[in-house]
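Open the model in your viewer and follow along. We will go from the whole chain down to single residues.

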Amino acid sequence: MRIAAVLHDRCQNRKCNKECVKFCPLMRTGVECIAFNEKGKPVISEVLCQGCGICVNKCQFEAIKIIGLADELKGEMVHQYGENLFRLYRLPIPKKGLITGILGPNGIGKTTAIKILSGTELPNLGRFDDPPSKEEVLEHFAGTELHDHLKNVYSGNIKIALKPQYVDKLPQSVKGVVRDLLSRVQERMTVDEAAELFELKEVLDRELTKLSGGELQRLAMAATIMRDADIYFFDEPTSYLDIYQRVKMARIVKDLSVDKQVIVIEHDLAILDYLADNVSVVYGSEGAYGVFTLARQVRTAINVYLDGYLPEENIRFRDRPIEFESSPPRSEWNTPDLVEFDSVEKDMGEFKLNIGKGAVKIGESVGIVGPNATGKTTFVKMLAGVIKPDKGALDTAVKVSYKPQYISADAEGTVRDILYAKAYDTVNSGFFEGEVLDPLGIKHLMEKDIKTLSGGELQRVAITMCLAAEADMYLFDEPSAYLDSNQRMNAAKTIRRMMEKTGRSGMIVDHDIYFLDMVSDSMMVFGGEPGHHGIGEGPLDMRDGMNKFLSAVDITFRRDADTNRPRINKPDSRLDREQKSKGEYYYA
Ligand code: ADP
Ligand code: SF4
């Protein structure tokens, strides 16, 4: 079976010479294989197309995909957005008492699946020009678990609660203070109980517009979990939370799942691993099609995902496996220091910050970890000379390029416009193309209007912008947010390689352990009392850094026997106790 997909957001029909039509061998012999719709986008006849792939190669914007699919997918299509548009095959099935995870790249149909399962979108079974009724949909799925699920959803027999993905958009749609929002959903708990559980007490009377990303996430999770539903959908429940809060959130969701059905999309693999019982891996091609596989036990699912190969389906979706080292990297840096500091103090009224003795070397990537509001960004601002320390030695001659935590799409123009405006020569160099634009998948985004980018696309553009600027030190505040797991690994490698190759230094604040493992040569650990007193130590080598940081949050990791990947230990399990007594929290 062969499908043709036209990615309308990539197609620049006004900027090209209609190469798809010009070079299609069928069109040249007068067979109308490609026509144009009213918007001027190509429409490819899947009946006539012979699959030669010439149009795919000729289109300079890579807007066409012609893909051969396994015949067993025939009859399994759940939804298609339109002719030559994205199609979704199969669906995950929510199970009572279990947490079902969804793992797959962005643009592959996860959100579409959640919309269908929650009843907000009626699946058209591929009949986009003649959509079926609810009755026809149920008839189509007759005799399957999905039938029973959808029937309950359509008849209103089950209640649904959904935590949306983009919590930073919440203040635009909900006005008022935290307490108002929570008081509308006091079903399973009261506002006070929720404020306690989700650590929202201090912000109960604060306007939503004044909340940080982590607070918005906890608020959105609280508002969802407070509702008395039968099925809960969580679309990325942990972005902006620190690791302690991520693990805590996972425990709350686990408790909830005892007598409920829960479906979770999560790209932090350490957390997904800890949280989910079963995981459905989604494979396919961004913008063209997505296939939900049968749920696997969580450990197996993440292992096959990292391996890049689905054995049962015989599908390879990544050339190489993603691998982890079970011992820390050798910490031999022969390069000179870029900056040194010693006993730095800053009193900012409500908040005091103390930094010990340390140095960042040229070419080094330093992972910065610690709870929110412990002074990570303040420290980097001191390095950049934006904030002056009260006491201590700090070299502030370095030029810093900074990617903030929250990125907004308020710039005018296309991605190409803003990248060129930032650093035309750098962006246009072959080196930058090979090292940054290609691995981060920016080329496809070049012609897109900044305002139309998804969260993950915007994040990749922001990382690129930061790297394109001329500086000595590059600071990334939570670059993993909204990236899928694959993109996280690519971003980590890109940042680390760029620092090494260009002889600059990177400081990367993040909370995803797999990401930190991949991006860091060393670690700076922040602790203290969030919002009042921050204490920063390091950079330390990876072993010391991980131990210091994880002992503070009381979490240990074991290693997966097959892949070496780190896995969170159950609190108070045998391994957890053993590792704590040895003081080995990560490289056990
Ligand atoms: P994910 O959640 O995995 O990132 P989505 O379900 O949001 O993926 O989208 C899957 C694909 O379907 C994407 O390529 C997206 O562009 C496309 N898509 C989503 N909504 C629509 C729509 N209303 N019309 C056309 N295409 C859509
Ligand atoms: Fe024509 Fe199909 Fe070949 Fe494209 S893949 S050039 S549409 S025959």
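Helices and strands here are DSSP runs, numbered from the N terminus: a helix has at least four residues, a strand at least two. By that count, the chain of this predicted model has 21 helices and 27 strands. The radius of gyration is 25 Å, close to the 25 Å that the globule rule gives for 588 residues, so the chain is as compact as a globular protein of that length.

**Whole chain.** Show the C-alpha atoms. Along the principal axes, they fill a box of roughly 75 × 55 × 50 Å. Now colour by burial. Of the 588 residues, 55% count as buried.

**Ligand 2.** Next, select ligand 2. It sits in the second largest cavity. Show the 13 residues around ligand 2; C24, C49, C52, G53 and C55 come nearest. What kinds of residues make up this shell: nonpolar, polar or charged? Ten are nonpolar, three are polar and none is charged.

**D268.** Now select D268. Look for it in the loop between β10 (261-265) and α12 (269-275). Is D268 buried or exposed? The relative accessible area of D268 is 1%, and buried means under 20%, so D268 is buried.

Key. Residues numbered from 1 in each chain as written. Chains lettered and ligands numbered in written order. Predicted model: local features only at pLDDT ≥ 70, side-chain atom pairs only at ≥ 80, totals over all residues. Heavy atoms only, no water. Near = heavy atom within 4 Å. 1 Å grid on protein atoms, 1.4 Å probe; cavity = no way out; pocket = protein on both sides within 12 Å on 5 of 7 lines; lining within 4 Å. Sits in = over half its atoms within 2 Å of the grid points. Nonpolar A, V, L, I, M, F, W, Y, C, P; charged D, E, K, R; others polar. Rg over C-alpha atoms; globule rule 2.2 N^0.38 Å. Buried < 20%, exposed > 50% of the residue type's maximum accessible area, 1.4 Å probe, protein only.
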